[in-house]
Amino acid sequence: MTAKSAAAATRSTTYGHPRQGQGRELKKAVEGYWKGAVTADALLATAADLRRDNWRQLAEAGVTEVPTGDFSLYDHVLDTTVAVGAIPARHRAAVDADPLDGYFAMARGTQDVAPLEMTKWFDTNYHYLVPELGPDTAFTADPAKAVGELREALAAGHDARPVLVGPVTYLLLAKPAPGVAEDFQPITLLDRLLPVYAELLADLRAAGAEWVQLDEPALVQDRTPAELNAAARAYRELGARTDRPKLLVASYFDRLGEALPVLAKAPIDGLALDFTGPAAANLDALAAVGGLPGKRLIAGVVDGRNIWINDLEKSLATLATLLGLADRVDVAPSCSLLHVPLDADAERDLDPQIARWLAFAKQKAQEVALLARGLREGTGAITAELAANRADLASRATSPITRDPAVRARTAAVTEADARRAQAYPERSEAQRARLGLPLLPTTTIGSFPQTTELRTARADLTAGRIDAAAYRERIEAEVREVVAFQEKAGLDVLVHGEPERNDMVQYFAEQLTGYLATRHGWVQSYGTRYVRPPVLAGDISRPHPMTVDWYRYAQDLTDRPVKGMLTGPVTMLAWSFVRDDQPLAETARQVALALRDEVTDLEAAGAAVVQVDEPALRETLPLRAADRPVYLDWATESFRLATSAVRADTQIHTHMCYAEFGAIMTAIDELDADVISLEATRSHMQVAGELAEAGYPREVGPGVWDIHSPRVPSTDEAVELLRAGLAAIPAERLWVNPDCGLKTRGWAETRASLDSLVGAARRLREELAG
């Protein structure tokens, strides 16, 4: 096919769409089901309605091929675990008894059975459920969901393409099941898994699928020759089958690198590639391997992870180059639109000028369709749209909103000494022990306490004008008093004020910093039914006034025990926001760090002996390619130190991270130079404690002993067992006792019971160590 005919055949598509609905109907239905207020039939009916709405919206935007199978009640990797029959043994009875309840048990656990481990989906803030596999794992195909959703879309009149997590990525994301040797490699199960995928593909073809998309984002990471050979074998075997639909293998988030020639040579029918950000390198790499003659290319030229409008002319230039490299070129976002909100048109409170700069899922689908039309019909067919796009891009580039000379002068004046504590850790540790006087195995929490319905109602009432600021403050003060009194009674050693005034750990600060914009309806799924509204980082950052000092003072005046000042770190402020794409991330991080530096020093001046600056996103933002990591880790750790290094030796700096693979960043954790770090450790069975010990980490550590993303209450014996594992790696004088993460999503009943277990475990072990 010539470039001209390839352009004439161009279509528009996407890899996936937000699941929640404009009013987060899915969240409400799922949580209602968990509470017994919504029936299973009603939940499934809501899900079906949302799928139909998504397909209709995509079709109305001009998308000509819609995805199916991307919708999930909780997580698409968990859906894949069900589809291939890899149910953990401890959940098998529950799944057999009731597949829906068993599904949620794998995700959330029960009082008697632990859930699957949860961690970040590559370098995003989406969390997936980690498959647990072992030498005895037996895979069986369960095509019900994939086939059922395909049939729904076809019956509604859509041209539909099922999407599945690919077999290689599925295995590379998996971990050895509990009791299986740690050196077991799930990828060794590939030959056992491929026949199950072949069966799923055959079932989808029989149900009417012309194409099926297999997502292989794990191949954009550094891969060993053995892993690349496994990918080649997988697609050689699947491609050779005659009972399959056409196969499209998709990658995203970065460049394919050494995996590109492997897939280009495979007997598959098409590739979907990301051409945004660092993945723009795929363009030259594709040309270098001779393109994809006789195959389909889906070109991801619209950024699927950020919310800024696309540079249409730049994307058209990329697409024009690609036309000569494949038999057919279609247009798509760079990845699933799961990572952006639904509709920017719903943000009616934003400055109309700024609103013109934004593109959520609906607008990105429209951009994709417009680019496909421009490629098919020529740019003359979209002249007006291109002119409007140029004007909007110019408006943003020249807006005074984006640049503050005072902020830029301050960041330019930062020196290396500004990002270093004046005293080394041993001197600081001695001074902090003397000031705080804490017992062995000190107990604390991560920061937030339950965000009750009453708190959310009070916040909504304030926003709606049903109560005034004074009444709202009175309600928050009452909550802080309750939280502090509870912690004292429970026997915790270092307290928090509970953060009842905070809507979100990033949004709360973003609303008080210049340069940030807040949305009303910009919800994005983080995990399960947990949705966040990432703020938009549109301009230079500064702190007009203290943000947390008043609430710290109020809480500290209620108790003689130390209360932590609680802040969100600069990397997390970026990672959980939609960041500006018109300057390097390092520059933005430095701006945020300086704003937080002012807050840290104000907290210290107010009497805070402990200040916690959370960086849960440090690991998730790690570049997927090892070659790109040193530069990132250098500015990321510098920004944390810049935010925290102006305090005295006897002020203890804490940080916190959760739900990530920490092994790859042990050196960076040390470079943060925090005095105490708390980390998720429960679902990973205290693995991080051993990793820290092996790395020679010299500071204090709080590996979590309560999985707060599960409703189950751990017993004192369970917490003791986890702490013993921690003590095997970390000396008692450097070990803290805390939950995995904040308690915002938990209820008060389980919080009280779980913290009783946590404090009881610490006391028991103190007695043993003293005896």
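Predicted model: local features only at pLDDT ≥ 70, side-chain atom pairs only at ≥ 80, totals over all residues.

Colleague: Where does Asp673 lie?

Modeller: Asp673 is in the loop between helix H26 (666-672) and strand E19 (676-679). Helices (H or I, at least four residues) and strands (E, at least two) are DSSP runs, numbered from the N terminus.

Colleague: And why is Asp673 called buried?

Modeller: Buried means under 20% relative accessible area, exposed over 50%, and partly exposed in between, with a 1.4 Å probe and protein chains only. Asp673 has a relative accessible area of 14%, so it counts as buried. Its phi is positive as well, about 60°, although Asp673 is not a glycine.

Colleague: Thanks! What makes Pro546 partly exposed?

Modeller: Its relative accessibility is 44%, so Pro546 falls in the partly exposed class. Pro546 belongs to the loop between strand E15 (536-542) and H22. Leaving aside neighbours within four places in sequence, Pro546 is in contact (heavy atoms within 4.5 Å) with Gln512, Glu599 and Asp602. From Pro546 to Leu513 is 33 residues in sequence and 9.9 Å in space, C-alpha to C-alpha.

Colleague: Is Cys335 buried or exposed?

Modeller: Buried, because its relative accessibility is 1%. Cys335 is in the loop between strand E11 (326-333) and helix H14 (352-355). Not counting residues up to four places away in sequence, Cys335 touches Tyr15, Tyr252, Phe253, Gly304 and Arg305.

Colleague: How do you know that the reach of H20 is close to the expected one?

Modeller: The expected span of a helix is 1.5 Å times one less than its number of residues. H20 (residues 469-490) has 22 residues, and the expected value is 32 Å; from first C-alpha to last, the helix reaches 31 Å.

Colleague: What do the buried residues of H20 pack against?

Modeller: They pack against helix H19 (453-464), helix H22 (549-556) and helix H29 (748-770). Tyr472, Ile476, Val480 and Phe486 are among the buried residues of H20.

Colleague: Now the whole protein. How many helices and strands does it have?

Modeller: It has 29 helices and 20 strands.

Colleague: And why is the protein called as compact as a globular protein of its length?

Modeller: The radius of gyration is taken over C-alpha atoms, and the globule rule is 2.2 Å times the number of residues to the power 0.38. For 771 residues the rule gives 28 Å, and the protein has 26 Å, which is close, so it is as compact as a globular protein of that length. The C-alpha atoms fill a box of roughly 75 × 60 × 50 Å along the principal axes.

Colleague: What share of the 771 residues is buried?

Modeller: Buried residues make up 62% of them. As for contacts with a separation of 6 or more, 80% come from residues 24 or more positions apart.

Key: Residues numbered from 1 in each chain as written. Heavy atoms only, no water.
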